[in-house]
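Trainee: I would like a close look at a single part of this model, and then at what surrounds that part. Please take the description step by step.

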Amino acid sequence: MSDLSEQTIGELQSLMEKGELSSIELVDFYLDRIARVDKEGPKINSILELNPDVREIAEALDAERNEKKNRGPLHGIPIIVKDNIDTADKMHTSAGSLALENHYASEDAFLVQKLRAAGAIILGKANMTEWANFMTENMPNGYSSRGGQVLNPYGPGRFDVGGSSSGSAAAVAAGLAAAAVGTETSGSILSPASANSLVGIKPTVGQISRSGIIPISHSQDTAGPIARCVADAALLFWAMAGKDPKDPATLRSNLHFPANVSPPYPSGEIRGLRIGVPREPYYDSLHVDQLKIMEEAIRALRDSGVEVIDPVLLPSKEGGEDYTVLLYEFKPDLNAYLAKVESHLPVHSLKDLIRFNNERPEKALRYGQSLLLAAEEKSGSLTEGEYLRSRLNDLRRSRKEGIDRAMREHNLTSLLFPANYGAGIAAKAGYPSITVPGGYTQEGEPFGVTFTARAFEEPALITIAYAFENYTRHRKPPML
């Protein structure tokens with residue numbers, strides 16, 4: 001079989017529609033590649049668990065296609081999901097923790113239900129930074145006690161893989177699936193997508209349901225797609241977006257497309273749009289190569305007809321990095337999830353988790369659990385004055401005095417950030433971002449450019465990212 005590792009979802013779908021490729025053949029291609037690249041060879045270690053029913057599911061979807069029952073653009077397409085997203089099948093959902101290594105979710109997360117309805121195949125679960133990188137300050141990106149260390153395909157053992165959706169990104173970059181789903185509280189999609197030369201969409205909080213996802217913070221958590229091109233990421237985003245009665249945040253969502261309906265394709269026309277460059281403090285710490293990539297991105301935008309406003313002012317970067325709100329929200333949110341897991345499991349609260357880890361320090365506490373301990377000290381009632389003031393301050397600084405003000409004063413369509421350097425302010429605002437490959441350093445390390453807008457403005461961001469991608473065509477596959 002020919003190499004399908006770099007084929008887009010649209011190209012794969014076209015091959016299947018013409019009868020030149022079946023879903024079962026595509027699944028077998030990815031399984032073989034996972035064996036050769038993820039578990040042998042460079043040993044990227046991005047796949048934590050594979051769906052034991054995947055070939056049967058693929059054969060069933062092939063039969064549907066033969067009966068002219070096409071579910072839409074994702075029909076028969078294998079997708080990887082992060083290990084903190086519930087799947088009601090023979091795969092576990094553990095957030096990379098040994099405490100949940102035997103946890104089977106009782107039902108699919110809402111976004112998984114939507115993907116299955118659209119015909120996507122859940123190929124497997126991706127390794128991740130344990131507890132979505134909210135366990136300790138010293139946890140390396142891509143490490144979990146259950147799964148070990150994920151490596152960056154562009155420089156295994158040399159380049160940071162990014163996190164916490166590390167396995168989701170590494171798997172897509174290495175061509176082990178057509179696309180993947182990650183989650184983000186602050187940077188956990190943007191960081192690994194940028195580090196692995198991929199497209200990642202961090203949606204507005206509420207565009208994609210959080211029900212059935214192991215949480216950190218109800219204020220900031222969201223799931224989102226990671227793919228090799230903007231069009232593929234957009235397909236996955238449209239398929240997952242929509243209202244879920246179990247997640248009140250989604251009742252504000254303005255997007256819903258039936259599974260068998262193709263979503264609007266990005267036009268790529270961006271002439272006349274206005275994009276702002278928040279130099280300080282987000283560009284200040286860039287290395288020479290990274291700054292060069294950003295300057296070239298700005299030139300490319302101007303050359304393509306975009307009006308670039310350089311610079312624009314945003315609040316201090318420190319406001320984006322403070323995680324007081326997360327420390328307070330983690331305990332009640334996680335306790336609510338753990339209270340519903342199977343009775344035979346060893347943990348049903350954050351306190352249980354801390355005790356479980358303390359009893360297995362060599363296996364479970366290689367890097368400590370300082371954030372878990374700090375979160376357990378909070379009451380869990382969300383009534384503390386520090387929490388309430390911090391939450392309101394985050395909203396004021398990130399929205400009214402931050403993104404909203406900059407966008408309004410300069411009549412902007414979006415802001416342009418380096419990689420995930422602006423993830424914090426967008427996360428606190430609950431606003432969307434999309435990262436696109438921006439280029440590579442002299443050592444070959446990928447570096448992304450990120451566009452951020454206001455709530456529910458994903459269509460504009462997708463259009464900008466699609467145009468930038470087509471104008472620059474920076475992405476190249478890793479040399480595995």
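Where is A132 found?

Mentor: In this predicted model, A132 is found in the loop between β3 and β4. Its backbone is worth a look at the outset: A132 has a positive phi of about 55° although it is not a glycine. Most residues other than glycine have a negative phi, and most peptide bonds are trans. A132 has a relative accessible area of 13%, which is under 20%, so A132 counts as buried.

The loop between β3 (121-126) and β4 (143-144) also holds F134. F134 is buried as well, because its relative accessible area is 4%. A pair of aromatic rings is described by the distance of the centres and the angle of the planes. For F134 and Y323 the centres are 6.2 Å apart and the planes stand at 85°, so this pair is edge-to-face. Y323 is partly exposed, because its relative accessibility is 31%. F134, Y323 and F330 form one aromatic cluster.

N133 brings in the largest pocket, where N133, S186, G187, S191 and N420 are the lining residues nearest the centre. This pocket has a volume of about 1,200 Å³, and its lining numbers 45 residues. Elements that give two or more residues to that lining are α6 (190-195), α9 (288-303), α10 (318-321), α16 (423-429) and β13 (446-452). Of these, α16 gives the most, with four residues. By class, the lining has 20 polar, 15 nonpolar and ten charged residues.

β13 pairs with β11 in the antiparallel sense over four bridges, and L415 has T452 in β13 as its bridge partner. Strand β11 (residues 414-418) has five of its five residues buried. Both of its faces are covered, with S414, L416 and P418 on one side and L415 and F417 on the other. β11 also runs parallel to strand β9 (residues 274-276), to which two bridges join it. There, I275 has S414 as its bridge partner in β11.

The second largest pocket holds about 770 Å³ of space. Its lining is made of 30 residues, and S211, G212, I213, Y337 and K340 lie nearest its centre. Two elements give two or more residues to this lining, namely α4 (110-117) and α11 (324-338). α11 gives the most, with four residues. The lining of the second largest pocket divides into twelve nonpolar, eleven charged and seven polar residues.

To return to the aromatic rings, the count of pairs comes to ten. Another of them joins Y154 and Y440, whose ring centres are 5.9 Å apart with planes at 40°, so the pair is tilted. Y154 lies in the loop between β5 (148-149) and α5 (166-173), while Y440 belongs to strand β12 (residues 433-440), so the pair ties together parts that are 286 residues apart in sequence. Both Y154 and Y440 are buried. The ring of Y440 also has a charge over it: the charged end of K476 sits 4.8 Å from the ring centre.

N45, which is not a glycine, has a positive phi of about 65°, and its place is in the loop between α2 (23-39) and β1 (47-50). The peptide bond from G163 to S164 is cis, with omega near 10°. S164 is found in the loop between β5 and α5, where Y154 also lies. The peptide bond from E280 to P281 is cis too, with omega near 0°, and P281 lies in helix α8 (residues 279-282).

Definitions and conventions. Residues numbered from 1 in each chain as written. Predicted model: local features only at pLDDT ≥ 70, side-chain atom pairs only at ≥ 80, totals over all residues. Heavy atoms only, no water. 1 Å grid on protein atoms, 1.4 Å probe; cavity = no way out; pocket = protein on both sides within 12 Å on 5 of 7 lines; lining within 4 Å. Points joined across faces, edges and corners; volume = space filled by probe spheres on them. Nonpolar A, V, L, I, M, F, W, Y, C, P; charged D, E, K, R; others polar. Phe/Tyr/Trp six-rings, centres within 6.5 Å; stacked < 30°, edge-to-face > 60°. Buried < 20%, exposed > 50% of the residue type's maximum accessible area, 1.4 Å probe, protein only. Lys NZ or Arg CZ within 6 Å of the ring centre and 35° of its normal. Pairing = 2+ DSSP bridges.
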